[in-house]
Amino acid sequence: MKQLAFSFDVNRCTGCMACVVSCLDQNDLPGGMVSFRHVTKLEQGAFPSAKISFLSLSCQHCGDAPCLMVCPTGAISKRDEDGVVVSNRSLCVGCHSCVLACPFGAPQFEHGTMSKCDFCHTRMESGMAPACVSVCPTNALGFGNIEELTKAVKEKASVTILSSLLTTGSR
Amino acid sequence: MKQSGLLIMGNGGAAIHAVSAARSAGYEGEIHQVSDMEGPAFNPMLSPYYLKGIIPWERCFPFGADFYRKHEVNCHFGSAVERLDPINKETLLNNGRKIHYKKCLIATGAKAMAPPVPGLQESGRAFTLRTARSTKRLEEVISTAKRAVVLGASLVGVKVTEILRKRGVEVILVDVAEQILPRSAHPESATLLQGYFEKQGVDIRLGCSLNSIESDTRGVRCLFPEGIVEEGDFVAVCTGIRPCVEFLNGEKIEMDQAILVDEKMRTSVENLYAAGDVCQGINLMTGKREWLGLWGNACYQGRTAGLHMAGVNAVHQGTMPQHVSPFFHWTFAQLGDVHRQGKDVHIVSGGHPEKGGYHLFVFDGEVLVGVNLINRFQEIGSFKTAILRRLDCRRLMDGGFCSTYDEIVERIGRSR
């Protein structure tokens, strides 16, 4: 089964929040509501070696999604064609069980029912990338089939290790 | 003697997920399912939403009537199990039929329990909320009621109270405990919730035991200590549940409050499994087997049992106490142990439910052990992770305890 996924490069993210704003815009989320994507700042160390990192997170469209498992009404399902986890708000009763189950804080509530990232399926149907990915100025966010993403990450890691070995060897 | 494959006793979330998992793992043998109730699986979690008018009746059966045909299940519904004989691997139904099995799952759930109050057991005006049948009975009595007494300010008791208030019924909510939601709310959170419920018109009596009940066809008279008498059209009994295990008849299955299981949902008897509200699995916070009635946990347990019965080496590590529920216009959540006592226990609380949300964190030494939240949930997943991983929150203590929600969120994030 195909499984779409987001990729995220923590070394590239500057915390500009463009992904959050584009998500709010794309999904017509009302003011005051949290976006389907959020950015967390992580401060480590102290002067002079302090470091700030940012982590952009949304629904991970889990392979074995806990929100789907605990939903009492069947409002949450996983699409066979691309593995995207979607919510049917007409079936949601607003029990909030999904919020308790999700380790990523993905489910959001508006007018008592749950909504969340659906991988911008209307954009995807038109051949476009999800809004958050398309606006990311540093290409920290990406998306694709999870197998291809994993392969790309492995290749990048191999290149990094090889370069480091070659650099070490040339000394 | 012929063995008939898998036998699933019960027809709730655990049973359904067991059947589904066994078939998805490629099990092609016979599956027999027995339940004393007729019809498709009912989700008791949804009955309050039906009674509040949020969903129609048919939505209380989320797996549908077609589930059993699709999964090729031999249904024996409307037949209670009279006796389970795990030595000979057979079960006797109350219609006289015997079913033999290779492996059996007990997923019979739990039933509402009434306290031993004189006049309560035999009262025709005492109602519970658990099954499809009890939901319909409660609906019928609510439709003509003007005043009711709710026994038990537990999660179910509070939900029944909300239903009654939404339907314009006067409610007296009674509990022997000194606070509402005695298991899931810290006393401070409970006080906030109590004030809110009282604003919704609920008359709450705490630390109050019921001496006896007198009933006739028109209603009930509840007799409390010091000569206090309260009259109502009916009594809603929300004082707890007990596992449905009557058919065991003293079989040597290891039990505590409910049937004890391991991480593969195996009982102490070979080829006999248990899942859902009828069993005690691991509480990840204590490492002990505890009775935690949770819909999601029941579904995971059922799935694990189904896979294991089908030959897949699946495990379910356990869960932790947790709950979330909307009450009127507030939503309340609990994680872990909010009643922890000890010299190193420290409480951090603040905020207001109607001004951005209320929070209460319970730390034991450097470890977060319990959380109550009202109307604020974005980070609840990270709190759960912090509790389960026993994260060393030492940085939270730098220069004294954090006092704001945002500080705690940020520092728990760092600790991860």
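The following conversation looks at how some features of this predicted model come by their labels.

Guide: This is a predicted model, in which local features need pLDDT of at least 70 and side-chain atom pairs count only at pLDDT 80 or more, while totals for chains, interfaces and linings use all residues. Residues are numbered from 1 along each chain as its sequence is written, and chains are lettered from A and ligands numbered from 1 in the order in which they are written.

Visitor: Why is Glu226(B) called exposed?

Guide: A residue is exposed if 12 or fewer other C-beta atoms, placed from the backbone, lie within 10 Å of its own, buried if there are 20 or more, and partly exposed in between. Glu226(B) has 5 such neighbours inside 10 Å, and therefore counts as exposed.

Visitor: What is said of phi in Arg390(B)?

Guide: Arg390(B), although not a glycine, has a positive phi of about 50°. Most residues other than glycine have a negative phi.

Visitor: Why are β3 and β19 of chain B said to stand at the edges?

Guide: Strands, which are DSSP runs of E with at least two residues, numbered from the N terminus, pair if DSSP finds at least two bridges between them. The open sheet has the order β3-β2-β1-β7-β19 in chain B, with parallel pairing. Both β3 (73-77) and β19 (272-274) have a single partner strand, so one side of each is left without a neighbour in the sheet.

How values were computed:
Helices (H or I, at least four residues) and strands (E, at least two) are DSSP runs, numbered from the N terminus.
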